[in-house]
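Please look at the sequence and the structure first.

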Amino acid sequence: EEFVIVIDTSMSCSGELVQRFLEETFQVLSETESFFKNAQIHILQCDERVQTDVLLRNAEEMKRYMEHFTLKGGGGTDFRPAFEYVNELRAKREVDRLRGLIYFTDGKGIYPVQAPVYDAAFVFIEHLYSDESVPAWAMKVVLEEEQLMEISGGDSKRKKDRE
């Protein structure tokens, strides 16, 4: 199975929040011991164009990526290039078992008009986003900034949330 995580690297997105989001996402994925035996993750950085595509195949690659993580971009926000890029990967069969796409953003940008053939979720930070233009086909997830920034206590927080 393959997943795509897209990071909005426009000027309006904070590097610290992006890093915390990735750390939390990877922590959740790592809780499944066999995750990387069956899955790969493409991490795209995109503002008005796709800046980078990094393929992670195991926990060690994920760890190295986070140790050297830097945002690339800083232009305006256009969500369409990321979806077009993923569609190209699918057409070339470089991604053929896509389970879904997660897009971390402030929501201010140009969205694709048509829904992709795979699940797509836009992840926003409460009080730092606009969802007025989010298309009806898109799933929306809203995180609290405080919850995301408490990453160091994430394990105990997640356990408490599950109880």
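**Aromatic pairs and packing**

Tyrosine 65 and phenylalanine 69 are both buried, where buried means under 20% relative accessible area, exposed over 50% and partly exposed in between (1.4 Å probe, protein chains only). The model is predicted, so local features need pLDDT of at least 70 and side-chain atom pairs count only at pLDDT 80 or more, while totals for chains, interfaces and linings use all residues. Residues are numbered from 1 along each chain as its sequence is written, and side-chain values use heavy atoms, with hydrogens and water left out.

Aromatic rings

- Rings of Phe, Tyr and Trp (its six-membered ring) pair if their centres lie within 6.5 Å; planes under 30 degrees apart count as stacked, over 60 as edge-to-face and the rest as tilted.
- The count of aromatic pairs by this rule is 13.
- Tyrosine 65 and phenylalanine 69 make an edge-to-face pair, with 5.7 Å from centre to centre and 65 degrees between the planes.
- Phenylalanine 83 and tyrosine 118 make a stacked pair, with 6.4 Å between centres and 10 degrees between planes.
- Phenylalanine 83 belongs to helix α4 (residues 80-91) and tyrosine 118 to the loop between β4 (98-104) and β5 (120-125), so this pair ties together parts that are 35 residues apart in sequence.
- Helices (H or I, at least four residues) and strands (E, at least two) are DSSP runs, numbered from the N terminus.
- Phenylalanine 83 is buried at 4% relative accessibility, and tyrosine 118 is buried at 7%.
- One aromatic cluster is formed by Phe79, Phe83, Tyr103, Tyr111, Tyr118, Phe122 and Trp137.

Nonpolar cores

- A nonpolar core is a set of buried Ala, Val, Leu, Ile, Met, Phe, Trp, Tyr and Cys residues joined through side-chain atoms within 4.5 Å.
- The largest core has 21 residues, and Val6, Phe83, Leu101, Tyr103 and Phe122 have the most contacts inside it.
- Two or more residues of this core come from each of β1 (2-8), β2, α4, β4 and β5.
- Helix α4 gives the most to this core, with four residues.
- Beyond its neighbours within four places in sequence, phenylalanine 83 is in contact (heavy atoms within 4.5 Å) with Leu101, Tyr103, Pro112, Pro116, Tyr118, Ala120, Phe122 and Trp137.
- A second, separate core of 18 residues includes Phe21, Leu22, Ile43 and Leu56.

Salt bridges

- A salt bridge is a side-chain nitrogen of Lys or Arg within 4 Å of a carboxyl oxygen of Asp or Glu, and seven are counted by this rule.
- Arginine 20 and glutamate 23 are joined by a salt bridge of 3.1 Å, N to O.
- These two residues lie three residues apart in helix α1 (residues 15-30), about one turn of the helix.
- Glutamate 23 is partly exposed, with a relative accessible area of 24%, and arginine 20 is partly exposed, also with 24%.
- In the salt bridge of arginine 57 with glutamate 61, the closest N and O atoms are 3.1 Å apart.
- Arginine 57 is partly exposed at 43% relative accessibility, whereas glutamate 61 is buried at 17%.
- In the salt bridge of arginine 80 with aspartate 78, the closest N and O atoms are 2.7 Å apart.
- Arginine 80 is partly exposed at 33% relative accessibility, whereas aspartate 78 is buried at 11%.

Glutamine 40

- Glutamine 40 is placed in strand β2 (residues 40-46).
- Not counting residues up to four places away in sequence, glutamine 40 touches Glu1, Glu2, Phe3, Leu55, Leu56, Arg57 and Arg97.
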